[in-house]
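Subject: Structure for you to look at

Hello,

Here is the structure I promised to pass on. Please open it and keep it beside you while you read.

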Amino acid sequence: MPNFGIEFFGAHAIIKLRVKVSDADMTRISQQYPNLHVHYGARGTVAIEGCLLSNQYGDFKNYIKDCTLTYKIAKLEQERAGLWAPEGAFIMDIDDDLPF
C-alpha cells in the first residue's frame, strides 16, 4: 500500500489520502464508496483508505475535489465574516483611543 496517494494495480486503484472535508461530506463518501475506510486522521483531516475499481476512480477524484473546494470556500467565508464589523455598526460608532 502506498504511503499516501493512489497506485493502480490492474483493474484496481489503491487509495490512501488525507483531505479536509466537512463531516457531512465524510459520511457521504463512506456511503457512496463502501469499499473505502473513511475516518478522522491527524490534524483535523479525514483519512480515506481502501481499494476502488479503476473505472470508479474518475468519479471519486472529481467528488473529492468538489468536497475539498467546498470545505475551503466555507472556511474562507467564515473567516471573512469574522473580519467585517457587525451589520449596522459604522466606523464612527466604534470607541477607540486613536488621536486622529
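Before the helices, a word on how their angle is taken: each axis is a line fitted to C-alpha atoms, for helices over the stretch in contact, and the angle runs from 0 to 180 degrees between N-to-C directions. On that basis, helix 1 and helix 2 pack at about 170°. Their axes are 11 Å apart. Angles over 145 degrees count as roughly antiparallel, so helix 1 and helix 2 are roughly antiparallel to each other. One thing to bear in mind throughout: this is a predicted model.

**The layout**

The protein has two helices and four strands. Along the sequence they follow the pattern β-β-α-β-β-α. Of its 100 residues, 26% count as buried. Take the contacts with a separation of 6 or more: residues 24 or more positions apart account for 53% of them.

**Where the helices meet**

Which residues make the helix contact? From helix 1 come Asp 25, Arg 28, Ile 29 and Gln 32. From helix 2 come Tyr 63, Ile 64 and Cys 67.

Look at Asp 25 in particular. This residue sits in helix 1. Is Asp 25 buried or exposed? Its relative accessibility is 7%, and buried means under 20%, so Asp 25 counts as buried. Leaving out residues up to four places away in sequence, Asp 25 touches Tyr 63 and Cys 67.

**The core**

The largest nonpolar core has 17 residues. Leu 36, Ile 48 and Phe 60 have the most contacts inside it. Which elements supply this core? Strand 2 (12–19), helix 1, strand 3, strand 4 and helix 2 each give at least two residues. Helix 2 gives the most, with five. As general background, nonpolar side chains in soluble globular proteins tend to be buried together.

**Two aromatic pairs**

The structure holds two aromatic pairs. One joins Phe 8 and Tyr 57. It is edge-to-face, at 5.1 Å centre to centre, with 90° between the planes. Phe 8 lies in strand 1 (residues 5–9) and Tyr 57 in helix 2 (residues 54–83), so this pair ties together parts 49 residues apart in sequence. Phe 8 has 44% relative accessibility and counts as partly exposed.

The other pair is Tyr 33 with Phe 60. This pair is edge-to-face too, at 5.3 Å centre to centre and 90° between the planes. Tyr 33 is in the loop between helix 1 (23–32) and strand 3 (36–40). Phe 60 is in helix 2, 27 residues apart from Tyr 33. Both Tyr 33 and Phe 60 are buried. You have met Phe 60 already, among the residues with the most contacts inside the core.

Val 46 is found in strand 4. At 2% relative accessibility, Val 46 counts as buried. Val 46 and Val 19 are 27 residues apart in sequence, yet 5.3 Å apart in space, C-alpha to C-alpha. Beyond its neighbours within four places, Val 46 also contacts other residues, including Leu 17, Val 21, Met 26 and Val 38.

Now step back into the loop between strand 3 and strand 4 (46–53), where Thr 45 is found. Thr 45 is buried, with a relative accessible area of 12%. What lies 2.7 Å from a polar atom of its side chain? The backbone oxygen of Ala 42 does. With neighbours within four places left aside, Thr 45 is in contact with Arg 18, Val 19, Lys 20, His 39 and Tyr 40.

Arg 43 is in the loop between strand 3 and strand 4 as well. Most residues other than glycine have a negative phi. The phi of Arg 43 is near 55°, a positive value in a residue other than glycine.

Best wishes

Terms used
Residues numbered from 1 in each chain as written. Predicted model: local features only at pLDDT ≥ 70, side-chain atom pairs only at ≥ 80, totals over all residues. Heavy atoms only, no water. Phe/Tyr/Trp six-rings, centres within 6.5 Å; stacked < 30°, edge-to-face > 60°. Buried < 20%, exposed > 50% of the residue type's maximum accessible area, 1.4 Å probe, protein only. Polar contact = N/O pair within 3.5 Å; in protein donor to acceptor, adjacent residues only side chain to side chain. Contact = heavy atoms within 4.5 Å. Core = buried A, V, L, I, M, F, W, Y, C linked by side-chain atoms within 4.5 Å. Parallel < 35°, antiparallel > 145°, perpendicular 65-115°, else oblique.
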